[in-house]
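Trainee: I have a structure to read and some questions about it. Can we go through it step by step?

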Amino acid sequence: MQADLTWLDDPQTFRINQLPAHSDHRGYATVAEAQSGQSSLVQSLDGNWDFQFAVDPQHRPVGFYQPDYDRSDFDQLTVPGHIELAGYGQIQYINTAYPWEGKHYRRPAYSMGADQPARGMFSEDPENTVGAYVKRFTLQPALQNQRVSIEFDGVEQAVYLWLNGHFVGYAEDSFSRSEFDLTRYLQPGENLLAVEVFKHSTAAFLEDQDMFRFSGIFRSVRLVAKPALHLEDLTIRPTVDVGLTTGTLNLRLQLSAAQQLAGTAVITLQDAAGQPLWTTERAVATTLTATTTIPHVHLWQHHDPYLYHLQVCLHNVAGDLVEVIPYPVGFRRLEIKNKVIMLNGQRLILNGVNRHEWDAHRGRAVTTADMQRDLEIFKTNHINAVRTCHYPDQPVWYDLCDQHGIYMMAENNLETHGTWQKMGAVEPSYNVPGDLPQWQLAVLDRAKSNYEMFKNHPAILFWSLGNESYAGEDLAAMDAYYHHVDPTRLTHYEGVFQNRAYADRISDVESRMYNPPREIEKYLQNSPTKPFLDCEYMHDMGNSLGGMTSYTDLIDRYPMYQGGFIWDFIDQALWVKDEVTGQPVLRYGGDFDDRHSDYEFSGDGLLFADRTPKPALQEVRYEYGQHD
């Protein structure tokens, strides 16, 4: 198969040769490695890559992926990172509109009729910038003579991949992991990896989030070896009985082998102190299942995020250990009882925030230190919940939320705001995904990637279908998917409020944005069918966030009011050197000669972009402290 530029124009082409989405477990060669968290089966490709920028597809370096291509004029670019923050292209901040509006007339493919596929929209776009990346690598010893895949944790927005001149695959969905099998094209010694990243494809219509519009490989990249016997996917399903005393652990393992699928799997469960609770040994098969019960189970919750330790050890037919997979397990019971969301038998109260991934130097290429600092601020200010607005976050964030007891609304990478709201008016004439069959598979794929990757995290209480994408059959299909694969969690989607015809088919909760307290109270007094939560409220723009008591008072008066998520946690602004003073300053939308732009609207966080708290955080600390 050869790469095809017209894939950029087709919403029905969003993954070519990608491996199926699966759990975010990590394999290790030994138990000692598993305990240290450092796997010899993983080789990082982060660091300097050769790079060339093109202003549009017509000026890109065609054939740059061939081993004999002359790349002497290529620059160097650091991965992970954004192309624009390295000095290429245009930094641009937009809220609801699309970046091309006012410049190019565009309607999403098929939105004006099944006979209008909008060919050439992005493949011939004069402003669709392109980044050509090249990385040379030699496999580390532990990866040699193994099956090897490559993982991209985040690439905006459409990516083509080659190895040693051979086309490997294509991916969209900027914020979900894309994985490809490289084994077929690996060669001894040095290998040449080439990646072509286009800033826009039809995925741009699905990723219209309130944020700076960047491009490039902005999250980590790694090679991963699959031993002769390998755990491909792990589903952990811990449940708790109605009496909240006995836990049941159901496991499902998907295995693969380089040649013969033979050997044994030893599965163990320990408590948090490392004391063994259960061990079972099974002959390996493509699919393995196992179940055990834990009497007097220790429940996971915000103030006591207790985690058990699961470990899977795979042995070949000779009895040699070939792979170790550890994973934390949290038991909790989530349910709607008498129209109230209950966690472990107690009413759930969300002291939440919406959190974009942000670093004032690195944009969305956040560090672990950024995440740890955010959690410190959460703890100090009685914040117990986070909505991953409006896309899946870096995988380590979910691990940290498990460990710190932060309730998560895990949001899908979907926002199509500009297709249904124009100049502030609800006008869905060319809304996507809507009811369009040509867009349904793409959004379902995003839902599947979100679920499969993060399904084992106890911190996740809600699967959110996305943000501000109106409503229709395609969103209803997403909701049905989540309910089918995961009956242990709730679904959330606010946009059904804009199209009440889907109120009974989309979302387990009533969720609205910036609803005045009197309107929420009116809903709660009018025989509501669903519990209520604010997915966005108390918009912290400028000198705002006053009157928060009007919301928190509802918690004491109405059990069906479950709290919500403040918009938002941190400003989106970037450190730059001021041209006049020479001093570092934070600059917001519109400060980069970006037109059109939504200007300082990027600055609506409880924190400044350098994570300095704003005065408004004092009120949050007080009000959230009343219900912590």
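Trainee: How many disulfides does a search of the whole structure find?

Mentor: This is a predicted model, so we rely on its computed atom positions. A disulfide is a covalent bond between the sulfur atoms of two cysteines. Two sulfur atoms within 2.5 Å would count as one. Across the whole structure, the number of disulfides found is 0.

Trainee: Take cysteine 535. Which cysteine has the closest sulfur, and how far is it?

Mentor: Cysteine 535 is buried, at 0% relative accessibility. A bond needs sulfur atoms within 2.5 Å. The gap here is too far for that, because the closest cysteine sulfur, in cysteine 389, is at 10 Å.

Trainee: Is cysteine 313 buried or exposed?

Mentor: The cut-off for buried is under 20% relative accessible area. Cysteine 313 has 10% relative accessibility, so it counts as buried.

Trainee: Where does the peptide bond from cysteine 389 lead, and what is its omega?

Mentor: The bond runs from cysteine 389 to histidine 390. Histidine 390 sits in the loop between β29 (385–387) and α4 (395–404). The bond is cis, with omega near -15°.

Trainee: Which residues does the other cis peptide bond, with omega about -15°, join?

Mentor: Look in the loop between β37 (561–566) and β38 (574–577), where aspartate 568 lies. The cis bond there joins tryptophan 567 and aspartate 568.

Trainee: Which side chains make polar contacts with the side chain of asparagine 413?

Mentor: Start with its place: asparagine 413 is in the loop between β30 (407–411) and β31 (421–422). Asparagine 413 is buried, with a relative accessible area of 1%. Its neighbours include His390, Tyr391, Pro392 and Arg446. The polar side-chain partners are aspartate 173, at 2.8 Å, and glutamate 207, at 3.0 Å.

Trainee: What is the phi of asparagine 164?

Mentor: Asparagine 164 is in the loop between β9 (158–163) and β10 (166–171). It is buried, with a relative accessible area of 11%. Asparagine 164 is not a glycine, yet its phi is positive, at about 50°.

Trainee: And what is the phi of serine 507?

Mentor: Serine 507 is in the loop between β34 (490–492) and β35 (510–513). Serine 507 is buried too, with a relative accessible area of 5%. Its phi is also positive in a residue other than glycine, near 85°.

Trainee: In the hairpin of β25 and β26, which residue takes a positive phi near 55°?

Mentor: Strand β25 (residues 334–337) and strand β26 (residues 340–343) run antiparallel, joined by 4 bridges. Leucine 334 stands opposite leucine 343. There are 2 residues between the strands, and the positive phi belongs to asparagine 338.

Trainee: Which are the edge strands of the open sheet of 4 strands?

Mentor: The order is β19-β18-β23-β24, with antiparallel pairing. From one strand to the next, the twist averages 15°. An edge strand pairs on one side only, and here the two are β19 (276–283) and β24 (321–329).

Trainee: Which residue in β24 stands opposite leucine 310?

Mentor: Strand β23 (residues 308–315) is joined to β24 by 8 bridges. The two run antiparallel. Opposite leucine 310 stands tyrosine 327.

Trainee: How many of the 6 residues of strand β7 are buried?

Mentor: In a regular strand the side chains alternate between the two faces of the sheet. On one side of β7, Arg147, Ser149 and Glu151 are buried. On the other, Val148, Ile150 and Phe152 are buried as well. For β7 (residues 147–152), the buried count is 6 of 6.

Note on methods: Residues are numbered from 1 along each chain as its sequence is written. This is a predicted model: local features need pLDDT of at least 70, side-chain atom pairs count only at pLDDT 80 or more; totals for chains, interfaces and linings use all residues. Side-chain values use heavy atoms; hydrogens and water are left out. Buried means under 20% relative accessible area, exposed over 50%, partly exposed in between (1.4 Å probe, protein chains only). Two strands pair if DSSP finds at least two bridges between them. Axes are lines fitted to C-alpha atoms, for helices over the stretch in contact, and angles run from 0 to 180 degrees between N-to-C directions. A polar contact is a pair of N or O atoms within 3.5 Å; within protein, one must be able to donate a hydrogen and the other to accept it, and residues adjacent in sequence count only if both atoms are side-chain atoms. Contact means heavy atoms within 4.5 Å. Lists of a residue's contacts leave out its neighbours within four places in sequence.
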